[in-house]
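Here is a guided look at one protein chain, written for someone who would rather see the fold than read a table. Keep the structure open beside you as you go.

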Amino acid sequence: MNKIRPTSAKVRQALFNILFDVSGTLFADLFAGTGEIGITALKKGADFVFFVERDRKRSQEIKRKASKLSKNFKVVQADAIKFLKNYRGKPFDLIFADPPYDYNYYDKLINEALKKLSEGGIFILEHRSDKSFGADEERKYGDTILSFWRR
């Protein structure tokens, strides 16, 4: 099983303070891991959340936790880029991605995510502070950066 690096409580709180209101949104939590970002989105009123997590055990755990809150979610056990490439549903209002810090496909991930955003939608990428991807905005929290792109 891959090492999991959940988004810290401080970064999660900052993220939802920045987003402010996620109610009524279609939200994607890519590299969902523990599912905490998507679960927080559900708690804060997102209409529907897609959790995308490759690991089977983690996917099952997310499904178990999220089903206690809502029926408005789907857990997809898949690679994040393949999910985005194959997704044919309504464009996302918010896409959050927290790939492993040693991830090699940031450019592909960013390109595919931006294609799947609704007009006015936001893509948020969590990554280590030694990387920069030309986002519209970056917020730094210790060794973590949240990069934001708006469509």
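## The chain as a whole

Of the 151 residues of the chain, 50% count as buried, where buried means under 20% relative accessible area, exposed means over 50%, and partly exposed lies in between (1.4 Å probe, protein chains only). This is a predicted model, in which local features need pLDDT of at least 70, side-chain atom pairs count only at pLDDT 80 or more, and totals for chains, interfaces and linings use all residues. Residues are numbered from 1 along each chain as its sequence is written, and side-chain values use heavy atoms, with hydrogens and water left out.

The chain holds five helices and seven strands; these are DSSP runs numbered from the N terminus, with helices (H or I) of at least four residues and strands (E) of at least two. The C-alpha trace spans about 35 × 35 × 30 Å along its principal axes.

Contact means heavy atoms within 4.5 Å. Among contacts in the chain with a separation of 6 or more, 59% are between residues 24 or more positions apart. The chain exposes about 8,000 Å², and carbon and sulfur atoms supply 47% of that area; accessible areas come from the Shrake-Rupley method with a 1.4 Å probe, and for residues only the protein chains shown count as cover.

## The sheet

Seven strands make an open sheet in the order β3-β2-β1-β4-β5-β7-β6, with mixed pairing. Two strands pair if DSSP finds at least two bridges between them. At the edges stand β3 (73–76) and β6 (137–141), each with a single partner strand, so one side of each is left without a neighbour in the sheet. From one strand to the next, the twist averages 15°.

Strand β2 (residues 48–52) runs parallel to β3, and four bridges join the two. Within that pairing, V52 stands opposite V76 in β3. Helix α3 (residues 56–67) packs on the sheet, touching β2 and β3, and its direction makes about 170° with that of β3. For such angles, axes are lines fitted to C-alpha atoms, for helices over the stretch in contact, and the angles run from 0 to 180 degrees between N-to-C directions.

On its other pairing, β2 runs parallel to β1, with five bridges between them, and F50 in β2 is the bridge partner of A28. Strand β1 is mostly covered, with five of its five residues buried. L26, A28 and L30 point one way from β1, while F27 and D29 point the other way.

Which helix is largely enclosed by the rest of the structure? Helix α2 (residues 36–43) is, because six of its eight residues are buried: I37, G38, I39, T40, A41 and L42. They pack against α1 (9–19), β1, β2, α3, β3 and β4. I39 has 4% relative accessibility, and leaving aside neighbours within four places in sequence, I39 is in contact with T34, F51, K65, A66 and L69. Just after α2, G45 takes a positive phi of about 100°.

In helix α5 (residues 106–115), the buried residues are Y106, L109, I110, E112 and A113. They pack against β1 (26–30), α4 (80–86), β4 (92–97), β5 (117–128) and β7 (144–150).

## Aromatic pairs

The whole structure has 14 aromatic pairs. Rings of Phe, Tyr and Trp (its six-membered ring) pair if their centres lie within 6.5 Å; planes under 30 degrees apart count as stacked, over 60 as edge-to-face and the rest as tilted. One of the pairs is F50 with F92, edge-to-face at 5.6 Å centre to centre, with 85° between the planes. This pair links distant parts of the chain, with F50 in β2 and F92 in β4, 42 residues apart. Both F50 and F92 are buried.

Y103 and Y106 also form an edge-to-face pair, 5.4 Å centre to centre and 85° between the planes. Y103 is buried at a relative accessible area of 12%, and Y106 is buried at 5%. Both tyrosines belong to one aromatic cluster made up of F31, Y103, Y105, Y106 and F133.
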